[in-house]
Amino acid sequence: MSVDVAAGGLLRVVPSAVYAGRSRVLVERATHAYRHTWLALVSGFFEPLFYLVALGAGLRGLVGTVTGPGGTPLSYPAFLAPALLASSAMNGAVFDSTVNVFFRLKYNKLYEAILATSLGPLDVALGEITWALLRGGLYSAGFLVVMAGLGLTASPWAVAILPAALVIALGFAAVGMAVTTFVRGFQDLDIVQFALLPMFLFSGSFYGLDVYPRWLQFVVECLPLQHGIALLRALNVGAISPGLLGHLAYFAVMAVGGLALTTVRLERLLLR
Amino acid sequence: MVAPEQEPAAAAPVLIAARGLTKRFGDLVAVAGIDFEVRRGEAFGFLGPNGAGKSSTMRMIGCVAPATSGELRILGLDPQRYGPRIRARLGVVPQQDTLDLELTVRENLYIYGRYFGLPREGLRAKVDELLRFAQLSDRANAKVEPLSGGMKRRLTIARSLVNDPEILLLDEPTTGLDPQARHVLWDRLYRLKQSGVTLVLTTHYMDEAEQLCDRLVVMDGGRIVAEGAPAALIAEHSTREVAELRFEPGGSAGAVERLAGVLSGAGERVEVLPDRVLLYVEDGEGAVVSALDAGLRPLSTLVRRSTLEDVFLRLTGRSLVD
Ligand SMILES: Nc1ncnc2c1ncn2[C@@H]1O[C@H](COP(=O)(O)OP(=O)(O)OP(=O)(O)O)[C@@H](O)[C@H]1O
Ligand SMILES: [Mg+2]
């Protein structure tokens, strides 16, 4: 709901032709739409858990203890879990904002119908992203509870993982939706999915970046998911440093840039 | 013959005013600088062949497409600046249905009302009323996808009424409806008009235009080629009667020469279609007799009054049913 709190402030700076300040009705719509496909909702919760159980249990014996952020010694599952949470926040947000949004944009004509009412393109963008966040937030919260239950949280700071995961999801959802406005067909969406997998594999989900040669480290450090993983991992062990603000800033830029581009693009696509 | 413009309508305030309204898509000029005014309580129609620019005009009025140039005022406001505020007071039936396929019939109406910011309480009763209006109460909890084309159309029309609009924009509202549903809709539209709602519609059905419209414009190639009340347009652009001579397909060839002597009065003329010859005359029966005397042997003949169909044919050179 963090997005709607900002609604009042936004209303003052954004022209009323773009924003009516009622993006929450899109969330209301989504709760109706997902009543009919609740299975899709539930499956998103289990995916990261399967990874955690399969990889955590499988590799625990092989790997033993690893060194986490700030030199904290960690069990392998405790090292892995925040990374899985970050990737699932990313995957959920990207899936919602690309595949689902594309369907609504091109086939359901949803946004065309909405823009004939008194709502504007920024309501649409904010509403859809808020929904992606709420959904992702529920998954993250569930995963965090499981982490705590399995004793994988390593400091009281671990509760901050939930809001941090929402920030990660916000960045990805905003950029994902902006990308979707350029998508011509479902083939283009395959490219998006194709880009996510190597990012997941290379962003240090399974091991620290120091195993890479320097140039590859540099490339990976530019990727958004790496920032998400580093952020959540540090919060889990309570290794708080000013550097964390850098990670947050990365996602803030994604969120604001993505939202602005989405609004402009929706206007150009639908109000012409 | 010329019906005087209705007194109250003429005195009523102008709700939609366009001057030099133009819409371009790249090099293509869809609407080429048109002027028109619609007054409160009127039913105003746009007629014209495919591609004439009707939908483009409707989308500009609906504030979902910016005008390329020219001036447009809706409810006294500039759509460029006050789009959402204007749209809050419009009901829109687009040419293509834009129903929400992820929701049920009832949810489609309910959520659409929520888009307008209508409070939940009053909305539920409104939705039930609209379900009855669309004759879809028994399908209320069904998904939209499996509905028939006509049912979807009725749902779209019901949806456009959820916010009690002052102006209702209907782009080919009855296309896809069966005759009975069309008559029901005409009746509903007529009652809406009685209750003060301003109707703006496009149609390919001349009977619909004659039934519903106080005033209409005929568009062709992005321009307005005629404007007036239906009866006035007929009086101005057609004759009192039409004699239709029907032939086998292709059998009408050579009819024009033979009919040269049949026409007498001013404004009388012949229109030759592949399977029909239309004689626009003052005295239809007389014209049929003369045509038979001239040696024409049609399969059948019919004398009728001129309709908007004839006006349309005259002005655009195209019949409506291609
Ligand atoms: N979004 C668009 N992009 C490009 N060209 C368009 C667009 N919309 C309409 N046109 C063009 O503008 C012209 C007018 O189209 P419009 O849809 O307004 O016609 P119409 O009178 O509604 O026709 P119909 O009776 O077939 O619905 C057509 O040549 C059409 O191809
Ligand atoms: Mg059209």
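Visitor: Which residues is Ile111(B) in contact with, leaving aside its neighbours within four places in sequence?

Guide: Contact here means heavy atoms within 4.5 Å. With those neighbours within four places in sequence set aside, Ile111(B) touches Glu28(A), Arg29(A), His32(A) and Leu103(B). Bear in mind that this is a predicted model: local features need pLDDT of at least 70, side-chain atom pairs count only at pLDDT 80 or more, and totals for chains, interfaces and linings use all residues. Residues are numbered from 1 along each chain as its sequence is written, chains are lettered from A and ligands numbered from 1 in the order in which they are written, and side-chain values use heavy atoms, with hydrogens and water left out.

Visitor: Is Ile111(B) buried or exposed?

Guide: Buried means under 20% relative accessible area, exposed over 50%, and partly exposed in between (1.4 Å probe, protein chains only). Ile111(B) has 1% relative accessibility, so it counts as buried. You'll find Ile111(B) in helix 4 (residues 105-115) of chain B; helices are DSSP runs of H or I with at least four residues, strands are E runs of at least two, and both are numbered from the N terminus.

Visitor: And the nonpolar core, which residues touch the most other members?

Guide: A nonpolar core is a set of buried Ala, Val, Leu, Ile, Met, Phe, Trp, Tyr and Cys residues joined through side-chain atoms within 4.5 Å. In the largest one, with 127 residues, Tyr111(A), Phe172(A), Leu232(A) and Leu308(B) touch the most other members. Helix 5 (residues 76-107) of chain A gives this core its largest share, 15 residues. Apart from that core lies another of 29 residues, including Leu15(B) and Phe44(B).

Visitor: What does Phe172(A) contact beyond its neighbours within four places in sequence?

Guide: Among its contacts there are Met90(A), Val94(A), Met199(A), Pro224(A) and Phe251(A).

Visitor: Now ligand 1: why is the site shared between chains?

Guide: A residue is near a molecule if one of its heavy atoms lies within 4 Å of it. Residues from chains A and B surround ligand 1, so the site is shared. Of the 15 residues around ligand 1, those coming nearest include Gly51(B), Lys54(B) and Gln95(B). Helix 2 of chain B gives the most to this shell, three residues.
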